Amino acid sequence: ALRVDDGSAKGHTGPIWAAKFSHDGTLLCSGGACGRLFVWGVSLSAGGEQVRLDDGPKMVFKGHDGELLDLSISSDNLILTSGTDTYVRLWHPLSGECLGEFSHPHIATSVLFLPTNQQLFLTGCLDGKVRLYDLKPPGGGPPQVVSETDTRGCVTAVAVSNDSLTVVAGLFEGKCMVFELDAERRRIVQGGKSIVSIKSSRGKNAKGHKITGLQYSGGGKKHDLEARLLVMTLDSRVRMYRVADMNLICKYKGHLNKGSITDGRHDTSTQIKASFSPCINFVASGSEDGSLYIWSRTPSRSTALFASLRKDRNTAPYRLPMGPHPPPPTPAGSAPDRPPSAHGKLSSKDAVFLSPTAVAFSNLVELNSRGEGASEGGVALCAVVGLFNGDL
């Protein structure tokens, strides 16, 4: 049954696998092991520098018979969710109406609207296929699959370039497949793909691990040398690639992402995701040890003293403990638990909403600045999701 809860539920139960802000920054959507979709109101503090959540959710949607794994929000605030019940669902954020159900042959691990045409959306499924859906197909009729491609693996994550020209599928066996996308013709180009193994060159992580999350920053054209791809894997690594040639730019270490977490009620394979900040100066990730980890892409010299000096490796994150239990000591070789140095400050336009398993950045502070710019010392960490009980 599809329904809107009466609001008595005040938060999640179990891990939170997805959290996204609306494009205007006024809503936050979250979902996870409990299978419900929560829609929260977001506002600025009196000083305009802190993002605050309402005391309780505006709406709670119940539809998935299983865990909610991923979600996406369109520019007009329609919400897509995917779950372990093999369904993708489309929601109206105010009425609570389920506008559509899209059945899959297996678990739908990923869902996202195309940035340039939001009547189109992509799904990734454990049956190995990436599907392109059209909510308003030419000639009318119900929403339907207009194109699909078979990765011959299990798709665990999907990302798309800002110009909707490139799709990346992350696979359970630790590979990424890069496809060309023709959004105007509504098709995934079958011949335009490349395969990249996401693994270390040697050691225990040389065999490749499940990809738990992807984020694309930049365009999909081959000559766009600024386009970057974040890849999160179950070997406790976040890797950043230059998309033009899929060369590894930097490897981020320090967090814990090994594959399972237990709180007495749940023991489940994690879907931990990392994220760029809006200005892509920072990378943030949740962790199984109950902390948020933030890496500066331009660490100061003092920060580098605590880690490798190699430009292609960053092992000095700032750790923010969040869980109800004390986190383990900072690993040797990592930065101490203190705010970043002057060269590593988060600006107020990098305001972040976070949980140990899902991270989403808000642009509400930046939108409120009316082009005046944000101070480098502004408050950036503005709201926290509970570790496992999910009380917000």
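User: In which strand does Ser275 lie?

Analyst: Ser275 lies in strand 25, residues 274-276. Strands are DSSP runs of E of at least two residues, numbered from the N terminus. One caution: this is a predicted model, where local features need pLDDT of at least 70, side-chain atom pairs count only at pLDDT 80 or more, and totals for chains, interfaces and linings use all residues. Residues are numbered from 1 along each chain as its sequence is written, and side-chain values use heavy atoms, with hydrogens and water left out.

User: Why is Ser275 called buried?

Analyst: Its relative accessible area is 7%. Buried means under 20%, exposed over 50%, partly exposed in between (1.4 Å probe, protein chains only). So Ser275 is buried, at 7%.

User: What makes the pair Ser275 and Gln215 a polar contact?

Analyst: Their side chains come to 3.2 Å. The definition asks for a pair of N or O atoms within 3.5 Å; within protein, one must be able to donate a hydrogen and the other to accept it, and residues adjacent in sequence count only if both atoms are side-chain atoms. The value of 3.2 Å falls within the 3.5 Å limit.

User: Which residues does Ser275 touch, beyond those up to four places away in sequence?

Analyst: Gln215, Leu230, Phe282, Val283, Ala284, Val359 and Phe361. Contact means heavy atoms within 4.5 Å.

User: Which residues touch the most other members of the largest nonpolar core?

Analyst: Leu114, Leu122 and Val130, out of 17 residues. A nonpolar core is a set of buried Ala, Val, Leu, Ile, Met, Phe, Trp, Tyr and Cys residues joined through side-chain atoms within 4.5 Å. Strands 12, 13, 15, 16 and 17 each supply at least two residues of this core. A second, separate core has 16 residues, including Tyr216 and Val243.

User: How do you know that strand 12 and strand 13 pair?

Analyst: Five bridges join them, and they run antiparallel. Pairing needs at least two bridges found by DSSP. Therefore strand 12 and strand 13 pair. Leu122 has Leu132 in strand 13 as its bridge partner.

User: Why are strand 11 and strand 14 called edge strands?

Analyst: The open sheet has four strands in the order 11-12-13-14, with antiparallel pairing. Strand 11 (108-113) and strand 14 (144-150) each pair on one side only.

User: How many bridges join strand 22 to strand 28?

Analyst: Two, and the strands run parallel. Lys251 stands opposite Arg313 in strand 28. Lys251 in strand 22 also stands opposite Arg239.
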